[in-house]
Amino acid sequence: MSGRPAAAPPARHRIEIDGGPSFEVGPEEDALLRGALRAGLPFPYECSVGGCGTCRFELLDGAMASLWDEAPGLSERERRRGKRLACQSRPQGDCRIRVRLGAGEASPAAAPRRMEAVLASRRAITADMVELGFAMPQPPAFLPGQYALLFPAGVPGARAYSMSNLDGQDGLWRFIVRKTPAGRGSGALCDHLPVGARLEIDGPFGHAWLRPTPRDVVCVAGGSGLGPMLSVARGVLAGGGARRLHFFLGLRTQAELGAAAEIDALDRDRVAATVVLSDPQASPAWPGARGFVHAEVERALAAPLDRFDFYFAGPPPMIDAMQELLMIRHRVPFDQIHFDRFV
Ligand SMILES: Cc1cc2nc3c(=O)[nH]c(=O)nc-3n(C[C@H](O)[C@H](O)[C@H](O)COP(=O)(O)OP(=O)(O)OC[C@H]3O[C@@H](n4cnc5c(N)ncnc54)[C@H](O)[C@@H]3O)c2cc1C
Ligand code: FES
């Protein structure tokens, strides 16, 4: 027997929320936000990647490292006033913070877990879109419409990608990733990750998960927003019942129509699909809808729109246009509108 005393486990950091609960994060935790969510707290957040500013908080006491000083989710003025982003801050010891916890609906989503995944499959969808399937050891369940954080090696920060399949079908988490011009994360995933490669994945995250209501569902995907909308659509169809689905997919040109084939594979008896191309000059022979996808949603669906639940995902201008259409022009109740802004 060795006479050496066993090494003490590394100290956990205690985070006290001013006027609220306290929680602990392990020294290995990469960000305050992730630690709070793992502890089951309704910490406010949307994107998890520094872009939206929803996870703002103030540090009252203690030390936090910044993961990304220039994160666009904070303005210079907010930084000067001492605001920080919980998704880009890492506790260095015990801390006291000020933040307003969410008081919204209780979420049935599982707490996120960080896992080492193995790329089990890859399939090209278009010239710049690929479906990646990852095997993970005993992952937590995810809901249709949720997303995960992927950590490609050598790339600063995490990248958010939404699961495109349903939980528990073949044990994989599938993602549809669009390669963006000069994008470091999407480039690494699309071009440099062979089947069999290992990758850190954290999840599930997100609030735009499928709600079990009796209303028909409208899914609107802008480009790479296809992934989460396929997951929501598959959830609606797997739920049985009589809910019908209207699926709108906005693409730029006919060259991207491989993405529309993913919708064709859904149960066509319950799905009405519309593909809208935004660059008519590049696709002069296109016989279908043209223009912006939100405009086609308004044109194709008969009012009143509050008879539907709406799910949408894609680039910020599309999300803004959909919000304006639903919240301001058609007064659809907020609890029927669920979206992810791909910041
Ligand atoms: C909730 C959500 C779900 C999404 N789902 C999908 C999806 O299903 N499919 C899809 O194709 N895209 C999705 N996106 C977009 C995706 O996360 C990436 O923004 C996109 O692929 C561009 O990443 P990039 O690496 O190619 O570009 P880059 O320009 O290299 O990186 C842009 C992204 O990386 C983050 N970032 C950049 N630099 C740093 C840094 N130094 N430290 C930390 N973070 C940094 C930024 O926040 C930004 O999100 C989603 C985005 C969000 C927010
Ligand atoms: S959740 Fe932190 S900036 Fe979006």
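Is D340 buried or exposed?

Reply: D340 is buried, because its relative accessible area is 12% (buried means under 20%, exposed over 50% and partly exposed in between, with a 1.4 Å probe and protein chains only). The model is predicted, so local features need pLDDT of at least 70 and side-chain atom pairs count only at pLDDT 80 or more, while totals for chains, interfaces and linings use all residues. Residues are numbered from 1 along each chain as its sequence is written, chains are lettered from A and ligands numbered from 1 in the order written, and side-chain values use heavy atoms, without hydrogens and water.

D340 sits in strand β19, residues 337–341 (strands are DSSP E runs of at least two residues, helices H or I runs of at least four, numbered from the N terminus).

R211 is another buried residue, with a relative accessible area of 10%. R211 belongs to the loop that joins β13 (198–205) to β14 (216–222). A polar atom of the R211 side chain is 2.7 Å from the backbone oxygen of H207, a polar contact (N or O atoms within 3.5 Å; within protein, one able to donate a hydrogen and the other to accept it, with residues adjacent in sequence counting only if both atoms are side-chain atoms).

Next comes the ligand site. Ligand 1 is surrounded by 22 residues, with R159, A160, T180, G185 and S186 the closest (a residue counts if one of its heavy atoms lies within 4 Å). Of this shell, eleven residues are nonpolar, seven polar and four charged (Ala, Val, Leu, Ile, Met, Phe, Trp, Tyr, Cys and Pro are nonpolar, Asp, Glu, Lys and Arg charged, the others, including Gly, polar). β11 makes the largest contribution to the shell, four residues.

Oxygen atoms of ligand 1 are approached by polar side-chain atoms of Y161, at 2.7 Å, and of T180, at 2.6 Å. I176 places a backbone N or O atom 2.8 Å from a nitrogen atom of the ligand. Alone, ligand 1 would expose 940 Å², of which the protein buries 87% (Shrake-Rupley areas, 1.4 Å probe). β11 (159–162), β12 (172–178) and α3 (184–191) are the elements that each supply two or more residues to the shell.
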